[in-house]
Amino acid sequence: MAPASRAEKKAAVDAAAWVFNVVTSVGVIIVNKTLMTAYDFSFATTLTGLHFATTTLTTAVLRMLGYVQASHLPLPELLKFVFFANFSVIGMNVSLMWNSVGFYQYVHFLQRKYSLSSLNLLGHTAAAQAASLLLFGPVLGYSLTNNRVDRYAYNAGSLVNVHISVMFAVGTNLSQFICIGRFTAVPFQVLGHMKTILVLIMEFFFFGREALNVHVVVGMVIAVVGMIWYGNASSKPGGKERLIHSLPTNKTDNR
């Protein structure tokens, strides 16, 4: 294949991963907010556990089909990852948390250290996150809202939205790790800011003007300016973009 053709193919795949991640990430946030506002579903942590449980099944199917190869991630590293990720899930929305530079660097470190592909790493971590969130999610939900997930008055509307949320979340989880493997830190960070802005705009259309006020608009403008500044600063010698590529691969640790 000619170099130009390979570059065009890579650009097309990158664009597809970017668009798929944006659509699914924004979609899952909007659906989750619909669940919480229209159906009074207040069990966000348990719902995230269902997201990861379904993602675990999806990666298992991909492994059976040969798209994900067998690999190894030491238990201490897995527990560290799950603690970090779950703590962030409790504090903020997972799909936006996963666009921090810190998370990007940590995932890249694990991938390079243990020779893991993006889907390999997701296959290792999704099951552990699902188990921990489904175990502690109902307890946390009850302590915060005094409501039990098993006593929630489910109806057709809430169940449909839960299923849609799960489908969007699986797409988000898969595309997010694929984006980590394909993009450098700057476009990955830009992707996160873009999703934040799109979520705010969609909330305005779906949930009314109270979702978009002057403070939010100012924040969006600052975010855009920040994206431009960050991209320019990080691409210069000594910026984070260059530092990430200069990190050691720690190949000696794998011998």
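Helix H6 passes helix H7 in a right-handed crossing (a crossing is right-handed if the near helix is turned clockwise from the far one by less than a right angle, and left-handed if anticlockwise). This comes from a predicted model, where local features need pLDDT of at least 70, side-chain atom pairs count only at pLDDT 80 or more, and totals for chains, interfaces and linings use all residues. Residues are numbered from 1 along each chain as its sequence is written, and side-chain values use heavy atoms, with hydrogens and water left out.

Two packed helices are described by the angle between their axes and the distance between the axes. For H6 (residues 118-145) and H7 (residues 156-182), the axes come within 8 Å and cross at roughly 135°. That makes H6 oblique to H7. Here axes are lines fitted to C-alpha atoms, for helices over the stretch in contact, with angles running from 0 to 180 degrees between N-to-C directions. As for the wording, angles under 35 degrees count as roughly parallel, over 145 as roughly antiparallel, 65 to 115 as roughly perpendicular, and the rest as oblique.

H6 also meets H2: their axes come within 7 Å and cross at roughly 150°, so H2 and H6 are roughly antiparallel to each other. H2 passes H6 in a left-handed crossing.

Stepping back, the chain has 10 helices and zero strands (DSSP runs numbered from the N terminus, with helices being H or I of at least four residues and strands E of at least two). Of its 255 residues, 43% count as buried; buried means under 20% relative accessible area, exposed over 50%, and partly exposed in between, with a 1.4 Å probe and protein chains only.

The loops on either side of H6 hold two residues worth a look. Serine 115, in the loop between H5 (101-114) and H6, has a positive phi of about 55° although it is not a glycine. Asparagine 146, in the loop between H6 and H7, has a positive phi of about 60° and is not a glycine either. Serine 115 is exposed, with a relative accessible area of 60%, and asparagine 146 is exposed at 56%.

Back in H2 (residues 44-64) sits valine 61, which is partly exposed, with a relative accessible area of 43%.
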